[in-house]
Structure formats: C-alpha cells, structure tokens
Amino acid sequence: MKRKISLILIILLALSSCTNKQEQSLGKEDGIRIVDILEREIILDEPLDRVLIQGSGSGGPLMTMVYLDNDNFYKKIAGMDDGLRAHRNDLYKRMVKEIPALDDIKRISDFSKNDFSLEEILSLDADGIIVPISYKAQLDSIEDKLDIPIIYINYHNQDFDDHLRSTEIIAKATGLDKNLDLLSSFYKEKTSYILDKVKDLDSKPSVYLEQGYDGEILYGNSYGDQKMWGKMINDSGGYNISGEVLGDEGANPIAEEFLLSKDPDMIILTGSSWLDKKDSLHMGFETSKDEVRAKLDKYRQRTGWDKLSAIKNNKIYAIGHNLSRDMSDFSAYQYLAKTFHPQVFEDLDPEKDMKEFYDKFMPIAYEGTWFVSYE
C-alpha cells in the first residue's frame, strides 16, 4: 500500500514539474503581447529596439515617445519621416538644439506619398514599424515582404480612449514607459473635466474652423464631426457646421457659399510653422500675438466675410494646429471650451496647464503663441 502511494506521489510530482515547465515555456514564448488599434495581436520577444516611424509632425508616434521618455526616445528610432521639420519647424529646431542626436536620425520617405521603397525600409535593419492607421493601405502592399511587425495607432479620430490606448501601445512596443502612468492620468484628468461639464450644456455656439495652411488666399481644410478639429469642437461644447457637408470623416475645404449661408457664431483658424508655406497662418514658438492678429485682419477682408456675425462681433480666433492628434491636445479642448462657454469654464487656465505639461514631459521649455482672440 505504501509503495502504491509513493508511486502515485512520484507521478504527481513529475506531472506538476512538467506542467510548470510548460507554463514557463509558454510565458517566455508569449513574450510581450500587444493588441494594436486595429485589434491585431502582435507578440514581441522583447521591446523594439530600432523602430521606423511615420507621421512625425502629424499625429504619429514620435511626440508620444518624447512624452513617455524625453531622455531616451531618440535612441529607439532607426528611421523617421521628415514631417516634424517640415510642419513644426519651430519645435524641431528647439528639439535639435537640446538633443543634437535627433538631427542624425536617418530620414525616410513619407509612406503616405507612395514614394517609399521596400529596399529603403529593409536597409535600416529595423525590428518594427509604428504608424498611424492612415498608412495601412501603403504598408499592406509590402507587409508580406517584411519580416518585422507593423503596429498601428490612431490619434487622428480624437477619441479619448484611442488616445490613451495608442499611448499604451507605443509604451509597450518600445519599452519607453517611464512616464506612461503619469501621462495617462494627466490627460484623463484634464479632458474628463471638460466632458463632464459639456454634457449638461443646453446651448452650443455654431463654429466654423479652417486650417490656415494656405493663409487667407485659399480656403483650407475643415473637418467632419468625427475627424480631428470637427470632433474637438463638438466635444468642447460647440457645434461644428462643417459636419453638415463633410459628414463624419471628411477633411476638405467647404464652399464659401455654404459658410456665408450658415453665418456661424464663431470662426477659428489653425496655424503652425509650416516650412514650405510662407502665406500660411503662423503660430507657435516663434510667433507673437500681434503677428497673429495682423494675419486675422487679412482673413477678415475675404469676400463676404464682413457680413458674417462672427466678424461683426470680433468672434474670430486662432489656435495652434499642432494642438490636435496628440496627447498635448488637452490644451486645445481647454481653449475651445473656455471660448465657447467662458462662464462655465472660467476656472480653466490652459497656459498654466501647458507649462506644467512641458515641465513634466518635454525636453524643452514652453513658450510662444498658441491661442489668440481678436477681441
């Protein structure tokens, strides 16, 4: 009887040992599990060490990597597009001055322009690619020829949950997680405060927003109700008139006749430091409020605009285009909410909160002009 019990114990111990080895093996084999924004599962043996990134100046992973670890982000980048230098040149210059190695990172083609090559990608010996979902069509054509994971994120839809989720995806994929919890909690605190108050508002001002890429000379893009600034306007307590013609996902200029017929309560123009557009509305680190107001005067002289209520009442504003598609866009929500409903949001101080954000997450100091009222 004792021999039978001993034999059973030996068998159980052997099975237990085998099971533990299997579990350990599975745990090691599973590695780092990432579910990207398209619900695709990617298993990494370890965090990516050399990544290719796109959308560096327009909602891509670069700035999130900066926020997550501004001391080490650049060490992870094997190659990047030149969007930051071209579309946010004032920021780029300051970043390079602080971190010269950023300027040495290999520049690769912008995938969205379809001028990239498979050979170019393979030559950089990267171990992964992180890109916005808008690049999927281009990468689909070569994905089967790549032996590295492609990880998709999405900041363009201005969905709060997708912002947080994309940030966590980037942190897990790269191992740049030093500030993940702090960054996520900061963003949730600032945006949830606005959402909680907006849901109880009875009336909302009608708003026309236009990207100032070509300046007053040409009508720039407006946005649909679920796209970038269109969604931001609605979420901040305004009514985006462009959604009536652009639907949810549109990003195009609207007809002048439509704008004049809608006669919005407010007009908002977005500006940046676009390197190749001398006539654009410039805003950011190197622009003064007086310069922005002088540019707004030129917009006011557009044909028919003198008849608009927003112009008559001096309800025309400028905001930094960079304050969208990014974890720093909490500031845009604050500016918009405070502009649409000044009494409800009189306690908001976007400048103060943005300075705090830069102190916590950026390698450079906060300065410049990011919001201007014509009033």
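**View 1. Phe 357 is a buried residue of helix α15.** Its relative accessible area is 1%; buried means under 20%, exposed over 50% and partly exposed in between, with a 1.4 Å probe and protein chains only. Helices here are DSSP runs (H or I, at least four residues), strands are E runs of at least two, and both are numbered from the N terminus. Helix α15 covers residues 350-361. Leaving out residues up to four places away in sequence, Phe 357 touches Tyr 67, Leu 183, Phe 186, Met 327, Ser 328, Phe 330 and Met 362. Contact means heavy atoms within 4.5 Å. This is a predicted model, in which local features need pLDDT of at least 70, side-chain atom pairs count only at pLDDT 80 or more, and totals for chains, interfaces and linings use all residues. Residues are numbered from 1 along each chain as its sequence is written, and side-chain values use heavy atoms, with hydrogens and water left out.

**View 2. The largest nonpolar core has 73 residues.** Such a core is a set of buried Ala, Val, Leu, Ile, Met, Phe, Trp, Tyr and Cys residues joined through side-chain atoms within 4.5 Å. Phe 73, Trp 229, Ile 319, Phe 357 and Met 362 have the most contacts inside it. Helix α14 (residues 330-340) gives the largest share, 7 residues.

**View 3. Aromatic pairs number 19 in the whole structure.** Rings of Phe, Tyr and Trp (its six-membered ring) pair if their centres lie within 6.5 Å; planes under 30 degrees apart are stacked, over 60 edge-to-face, and the rest tilted. Phe 73 and Tyr 74 pair edge-to-face, at 5.6 Å centre to centre and 85° between the planes. Phe 73 is buried at 0% relative accessible area. Tyr 74 is partly exposed at 21%. Phe 186 and Phe 357 form a tilted pair, with 5.9 Å between centres and 55° between planes. This pair links distant parts of the chain, 171 residues apart: Phe 186 is in helix α8 (residues 180-198), Phe 357 in α15. Phe 186 is buried, at 5% relative accessibility. Both rings belong to a cluster linked by ring pairs, along with Tyr 67, Phe 285, Phe 330, Tyr 358, Phe 361, Tyr 366 and Trp 370.

**View 4. Charged side chains sit over the rings of Phe 186 and Tyr 219.** The test needs NZ of Lys or CZ of Arg within 6 Å of the ring centre and within 35 degrees of the ring normal. The charged end of Lys 190 is 5.2 Å from the ring centre of Phe 186. Arg 302 lies over the face of Tyr 219, 4.1 Å from the ring centre.

**View 5. Helix α8 has 19 residues.** It reaches 27 Å from first C-alpha to last, close to the 27 Å expected; the expected span is 1.5 Å times one less than the number of residues. Buried residues of α8 include Leu 180, Leu 183, Phe 186, Tyr 187, Lys 190, Ile 194 and Val 198. Their cover includes α2 (61-68), α7 (160-174), α9 (228-235), α14 and α15.

**View 6. Lys 197 is in helix α8.** Lys 197 is partly exposed, at 29% relative accessible area. Beyond its neighbours within four places in sequence, Lys 197 contacts Val 344, Phe 345 and Asp 347.
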